[in-house]
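Dear colleague,

Please find below the structure that I am handing over to you, followed by an account of what was found in it.

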Amino acid sequence: FAMQYTYLSAENKIHFCSMYSNPNQMGLMTGLAMLIALNYISKDMKFKDKVFSIAYYIFSFCCLLYSNCSSSHIAFLTAIIALTLIKRFGLFDNKKIICICLSCCILCTCGIYAMVAFNNECSNSEFEAQFNAMSTSRYVIWKDSYYSHQDEALLGCGNMTLEKRDRYQYNLDKGIDKGLDINGSLIDYVGPHNGYIGTISCAGLLGFAAFIALLLKKINDSKSLNQGYWY
């Protein structure tokens with residue numbers, strides 16, 4: 001029954017479950033649910049409700065670990081730290097902590113680009129190989145994305161399909177052919193696996209700067225962030 005009517009399959013028993021077709025989605029949705037569920041916990045809860053809440057968090061935490069989704073692990077830990085700094089110590093307000101997290105993401109993206117730019121295009125150093133393993137082979141994708149869009153650095157390639165085609169053609173030129181139709185949608189070809197790098201590749205550095213500026217304005221103008229809705 002599970003094999004026929006859910007996402008579980010004989011080939012993908014590990015990291016997959018009945019509700020999610022992708023382990024990263026499992027980690028993402030579980031982490032978000034755990035954070036939102038904190039709003040329903042209070043000191044005045046009945047004993048039965050406390051037991052159910054503890055059971056829920058133990059089960060969800062196991063699912064979060066089982067998903068093996070690194071991004072959800074980092075994001076969940078960051079959210080807990082941010083919540084502690086705001087609620088426990090009162091060091092920052094909601095807008096400031098969001099801007100700090102956004103700045104850290106941008107700095108990490110700059111660090112990735114710097115590492116790519118200062119290393120050999122055609123081969124990986126020992127450190128790059130280790131970093132690629134730590135990022136579950138994402139670094140190679142980011143490196144290909146950087147070098148395949150250098151001619152479009154300012155304005156970008158336009159959209160994600162064109163980004164995939166440029167990167168696929170770049171790999172074809174290196175002799176790597178995955179047997180896909182480059183003129184098709186390339187739906188089976190991996191994307192950048194990084195929203196910031198994907199935005200830079202599609203919209204260029206100018207578009208990325210405009211996007212970040214607009215995002216900061218939205219954060220600054222937000223009224224709900226002043227009302228304590230931390231989640």
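**Overall architecture**

The protein contains 9 helices and 0 strands, where helices (H or I, at least four residues) and strands (E, at least two) are DSSP runs numbered from the N terminus. Its pattern along the sequence is α-α-α-α-α-α-α-α-α. This is a predicted model, in which local features need pLDDT of at least 70 and side-chain atom pairs count only at pLDDT 80 or more, while totals for chains, interfaces and linings use all residues. Residues are numbered from 1 along each chain as its sequence is written, and side-chain values use heavy atoms, with hydrogens and water left out.

The C-alpha trace spans about 65 × 50 × 35 Å along its principal axes. Of the 231 residues, 31% are buried; buried means under 20% relative accessible area, exposed over 50%, and partly exposed in between, with a 1.4 Å probe and protein chains only. Among the contacts with a separation of 6 or more, 55% come from residues 24 or more positions apart, a contact being heavy atoms within 4.5 Å.

**Nonpolar cores**

The largest nonpolar core has 15 residues, and those with the most contacts inside it are I112, V116, Y139, W142 and I197. Such a core is a set of buried Ala, Val, Leu, Ile, Met, Phe, Trp, Tyr and Cys residues joined through side-chain atoms within 4.5 Å. Helix 5 (94-117), helix 7 (138-148) and helix 9 are the elements that give two or more residues to this core. Once neighbours within four places in sequence are left aside, I112 is in contact with W142, N194 and I197. Another core, of 6 residues, lies apart from the largest one and includes M34, L35, L64 and F76.

**Packing of helix 7 and helix 8**

Helix 7 and helix 8 pack at an angle of about 95 degrees, and their axes are 9 Å apart. Axes here are lines fitted to C-alpha atoms, for helices over the stretch in contact, and angles run from 0 to 180 degrees between N-to-C directions. The two helices are therefore roughly perpendicular to each other, given that angles under 35 degrees count as roughly parallel, over 145 as roughly antiparallel, 65 to 115 as roughly perpendicular and the rest as oblique. On the side of helix 7, the contact is made by I141, D144, S145, Y147 and S148, and on the side of helix 8 by E163, D166, R167, Y170 and N171.

**Aromatic pairs**

A pair of aromatic rings is described by the distance of the centres and the angle of the planes. The structure holds 7 aromatic pairs. Rings of Phe, Tyr and Trp (its six-membered ring) pair if their centres lie within 6.5 Å; planes under 30 degrees apart count as stacked, over 60 as edge-to-face and the rest as tilted.

The ring centres of Y146 and Y147 are 4.9 Å apart and the planes stand at 85 degrees, so this pair is edge-to-face. Y146 is partly exposed, at a relative accessible area of 22%, whereas Y147 is buried, at 12%. For Y168 and Y189 the centres are 5.0 Å apart and the planes are at 90 degrees, so this pair too is edge-to-face. This pair links distant parts of the chain, with Y168 in helix 8 (residues 160-173) and Y189, 21 residues apart from it, in the loop between helix 8 and helix 9 (195-221). Both Y168 and Y189 are buried.

**Cysteines**

How many disulfides does a search of the whole structure find? There are 0, a disulfide being a pair of cysteine sulfur atoms within 2.5 Å. The cysteine sulfur closest to that of C157 belongs to C202 and is 4.5 Å away, too far for a bond. C157 is buried, with a relative accessible area of 11%, and C63 is buried as well, at 15%.

**Backbone and loop residues**

Most residues other than glycine have a negative phi, and most peptide bonds are trans. T136, which is not a glycine, has a positive phi of about 50 degrees. T136 sits in the loop between helix 6 (126-134) and helix 7 and is partly exposed, with a relative accessible area of 46%. L186, also a residue other than glycine, has a positive phi near 55 degrees. L186 lies in the loop between helix 8 and helix 9 and is buried, with a relative accessible area of 5%.

Yours sincerely
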